[in-house]
There are 2 protein chains.
Amino acid sequence: MLETADLSRKLSQAEYKAVFTDLERRLGECQRAAREHGAPLIVVFEGWEAAGKGTCISRLALTFDARGFKVHAIGPPNEEERLHPWMWRFWNNLPACDRIAIFDESWYRRVLVERVDQAVAEGEVLEAYDDILQFERQLSDAGYTIVKCFLHISKSEQKKRLKRLEKDPACAWKVTKREWRLHEQYDDYLLAVEEMFRRTSTAEAPWTIVESHDRRFARVKAAETIIAAWERAIQAASKPPAKSARPARKKASTARTAGTNPLDRADLTLSIAPEDYRRELDRLQETLFELEHQIYVARIPVIIVYEGWDAAGKGGNIRRLVQGLDPRGYEVVPIGPPTAEEKVQHYLWRFWRQIPKGGHITIFDRSWYGRVMVERIEGFCTPEEWQRAYQEINEFEHQLASFGAVITKFWLHLSPEEQLRRFEQRQATPYKQWKLTDEDWRNREKWDQYAQAVGEMIQRTSTPQAPWTIVEAESKQYARTRAIRTVVDAMQAALQQHVSHGR
Amino acid sequence: MLETADLSRKLSQAEYKAVFTDLERRLGECQRAAREHGAPLIVVFEGWEAAGKGTCISRLALTFDARGFKVHAIGPPNEEERLHPWMWRFWNNLPACDRIAIFDESWYRRVLVERVDQAVAEGEVLEAYDDILQFERQLSDAGYTIVKCFLHISKSEQKKRLKRLEKDPACAWKVTKREWRLHEQYDDYLLAVEEMFRRTSTAEAPWTIVESHDRRFARVKAAETIIAAWERAIQAASKPPAKSARPARKKASTARTAGTNPLDRADLTLSIAPEDYRRELDRLQETLFELEHQIYVARIPVIIVYEGWDAAGKGGNIRRLVQGLDPRGYEVVPIGPPTAEEKVQHYLWRFWRQIPKGGHITIFDRSWYGRVMVERIEGFCTPEEWQRAYQEINEFEHQLASFGAVITKFWLHLSPEEQLRRFEQRQATPYKQWKLTDEDWRNREKWDQYAQAVGEMIQRTSTPQAPWTIVEAESKQYARTRAIRTVVDAMQAALQQHVSHGR
């Protein structure tokens, strides 16, 4: 998930002032309403060393009535805590139902810093995750709101900050060998963080990545995240008769920090010269042909998902991908609206049926991601259903990856202007007219809604085991080489791992 | 859980006939209603070898319209299945939303027979449980009803059945070396089964133990269990406006096989001669004093829970338990109605705060089990809350046990007649009058309701790590030696394990 964050986000002093005053007012209102209706709040701050957790928490704490909250700074367990089960200290620090608890680091220490420091044995990590999931479920079932923020900065930003702190006589004491060691472990830590997101981003208590290169932005995003979750909970708590056991619906965010959409960062000017394209495509197709054989021998299943805007060139892209392949080794599965048979099943059922067996390649032309795109936007499923789907899809793909599958997911991205040009061209070309339907035009009108859904989808389902690649598809040729190269790289990496595991 | 089952339960041919005809009719009605409203059913049969899964399933299958169900016999995965993630075959066999799938063995094979056979590495077991829990949660969230029956027979009954089969020329082929090996592994298997119950008896899909020494009884209990769960689901599915996301309330069971109450099997004639009592008590108290020191050195926490009928003698029992102990090493925590401070917290909070640290003993005079007794019966919490509590309590105790805690739980049991005698005696004895309140008389009127709740509590929360002991307390002296002996045994076992682990 972290790689989808846009760390360049920032707010000017003027923007910050304008928005934060309003947020402070709303946090104050929430606190009063929560006290009245009994809607306890737990906020967890985790993040990189030097990401600014402390200052962010200090500033937020100022917005609350001091009688209603407590900040818990969680370090290594003390003597007394080590003599109890590890969750004991967190139970002890639960807020009452009219109060707020803010955790500066939390129970996640155990699966992050303590894990990376090997203070927790690898064999205990899964048990720790079970304990965490049980803890959060028990609280959430009892009406607690749990907000989890991860303050994210890049490795180079972290280095810059540590150096700056070291030079400042007032702060130099904060930077010890330990901080530099944590910096060196950035990449190990990254893997642990991604696993944490995957295992604990539940429907009730999802993680929010707070882009923290700019302090003002981080503060505003944290405040907005807390307010959004808390207001929903207060609303639910204050209307007991209409109270639903399901989490309240998440409204489309209009927050100042919203729209950190990974799509916006795609460079649609990317293209490839015709002669380079020909040469590169030949080379890639040859490599892929060899790889097809190797993964067959190694019994590795390969799953390739194509999603993208209408007319972004999925079909042509897939055609180039399979052009050189042995057809006994791959299958292209086009996904349309569910059939009558599929409609009476769980929505993941038809995809489970189609996954490749070891040694084979399945290319999905559209996929299970329809749940969080078309089904979400057209109302073919309930908000509860598509919100639950992120977790369900991550679980699904994790089971495939644990089996050894290579998973590559493409979003073919182009500009609305280029789409219009292609639509008009299709309309004007008799043998292409069948490709353009009224539905395509209707979808086009919902461009912004789709863009938001796609951005959220990519952020919530891009995992190290099953990453999304946004393919810049303004140039079809460029998009083809980019996609096929991504598949080649992923297959080679899997084969290398296969060999190094001596399987 | 298995040790709480009453394997002597049986039905005569006449009883069986009278009741099964009606059950068949109701199953048929369910099937028709489920088809109409879309309430898919998944029934899982697991159980001991030779427990009669096959015949039970055959008989049940006869009650269904043959067009609406399918039976899946799950053996070791075949070639094709091994080339897919292990859950693939179960997704493939999901019933459509108007159908029934019956599994003769299931995804639980992986954590039972395949685990015991070491076909699944111990390190993969936790991942397998995660996969299972995700699978069942995804289905349950989508409206599937999942009924899980475990057909239980004793080891000696299994032996008898295998021998009988071997002698029968028509059936001898069924008993191979494998079956005898499974028989020898009964105890390993038992541990795996208990872990399975603990990890996967969720609020949405709890396990039901089907006592299977008598085939008729097993058949009726399985049918009743299916009907109870299915009727609730159909009711929920057929009333979309009133549909609650929470599981429908479980009505007090009036089923023919209900009331397999472990309390009923307590032998209340047990007593001890006065001179034996004196000698035995002295011996036990001395041993306990030594053990208190040893567990202090070994840093083992000890948790002792006393529950029981009013006037069953909890106070006197506890007094004898601690009489010889060093008071720096133990604490008695009496649990009454929650205070104002406790009321605004999660119900488990006050217990988490009171658990002993390593090396100390805490004796709870009443406990967190109030949630599923008095709070349930007096309506101090919602049905959803107390139904969820079994799982929450098991999770709580598992976290304590994983930390190394010794957990002993007593239900002090006596007859209503003996209780009345003691009430009257209290009333007649001036210095004992304070002990008897109006509430005691009110609770006495609800004896049957409490007995049912206690039976259910013991069945659903007795685990190998935190077993219940029903203490026959018609004789106070007997009850005291029995309870203290149980504590002594548990502490000695923990110390032995501690030493053998070289800690």
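This section describes the interface, sheets, helices and cysteines of a predicted model with chains A and B.

The interface between the chains comes first. Chain A contributes 47 residues to the contact, and chain B contributes 47 residues. About 4700 Å² is buried between chain A and chain B. Carbon and sulfur atoms supply 53% of that area. On the chain A side, the residues that lose the most area to chain B are Leu83(A), Trp91(A) and Trp352(A). Together they make up 14% of what that side buries. Charged pairs also cross the interface of chain A and chain B, where 10 salt bridges are found. One salt bridge links Arg199(A) to Asp130(B). The closest N and O atoms of this pair are 3.2 Å apart.

In chain A, an open sheet is built from five strands. Their order is β7-β8-β6-β9-β10, and the pairing is parallel. Strands β7 (330-334) and β10 (468-472) of chain A form the edges, each pairing on one side only. Neighbouring strands of the sheet are turned by 20° against each other on average, direction ignored. Five bridges connect β7(A) with β8 (residues 361-365) of chain A, again in the parallel sense. Within this pairing, Glu331(A) has Thr362(A) of β8(A) as its bridge partner.

Helix α12 of chain B (residues 314-322) is mostly covered. Seven of its nine residues are buried. These are Lys314(B), Gly316(B), Asn317(B), Ile318(B), Arg320(B), Leu321(B) and Val322(B). The buried residues of α12(B) pack against both strands and helices of chain B. The strands are β6 (302-308), β7 (330-334), β8 (361-365) and β9 (406-413) of chain B. The helices are α11 (274-298) and α20 (476-500) of chain B.

Strand β1 (residues 41-47) of chain B is also covered. Seven of its seven residues are buried, so β1(B) is largely enclosed by the rest of the structure. Both faces of the strand share this burial. Leu41(B), Val43(B), Phe45(B) and Gly47(B) point one way, whereas Ile42(B), Val44(B) and Glu46(B) point the other way, and all are buried. Strand β1(B) has parallel partners in chain B. Five bridges join β1(B) to β3 (residues 100-104) of chain B. Here Ile42(B) is bridged to Ala101(B). Seven bridges join β1(B) to β4 (residues 145-152) of chain B. In that pairing, the bridge partner of Glu46(B) is Phe150(B).

Cys97(B) illustrates the spacing. The closest cysteine sulfur to that of Cys97(B) belongs to Cys381(A), and it is 16 Å away, too far for a bond. A disulfide would need the two sulfur atoms within 2.5 Å. Cys171(B) is likewise in no disulfide, the nearest cysteine sulfur being that of Cys56(B), 17 Å away. Cys97(B) is partly exposed, with a relative accessible area of 25%. Cys171(B) is buried, with a relative accessible area of 17%, which falls in the buried class because that class covers values under 20%.

How values were computed
Residues numbered from 1 in each chain as written. Chains lettered and ligands numbered in written order. Predicted model: local features only at pLDDT ≥ 70, side-chain atom pairs only at ≥ 80, totals over all residues. Heavy atoms only, no water. Buried < 20%, exposed > 50% of the residue type's maximum accessible area, 1.4 Å probe, protein only. Helix = DSSP H or I, 4+ residues; strand = E, 2+ residues; numbered from the N terminus. Pairing = 2+ DSSP bridges. Axes fitted to C-alpha atoms, helices over the stretch in contact; angles between N-to-C directions. Contact = heavy atoms within 4.5 Å. Buried area = accessible area lost by both parts, 1.4 Å probe. Salt bridge = Lys/Arg side-chain N within 4 Å of Asp/Glu carboxyl O.
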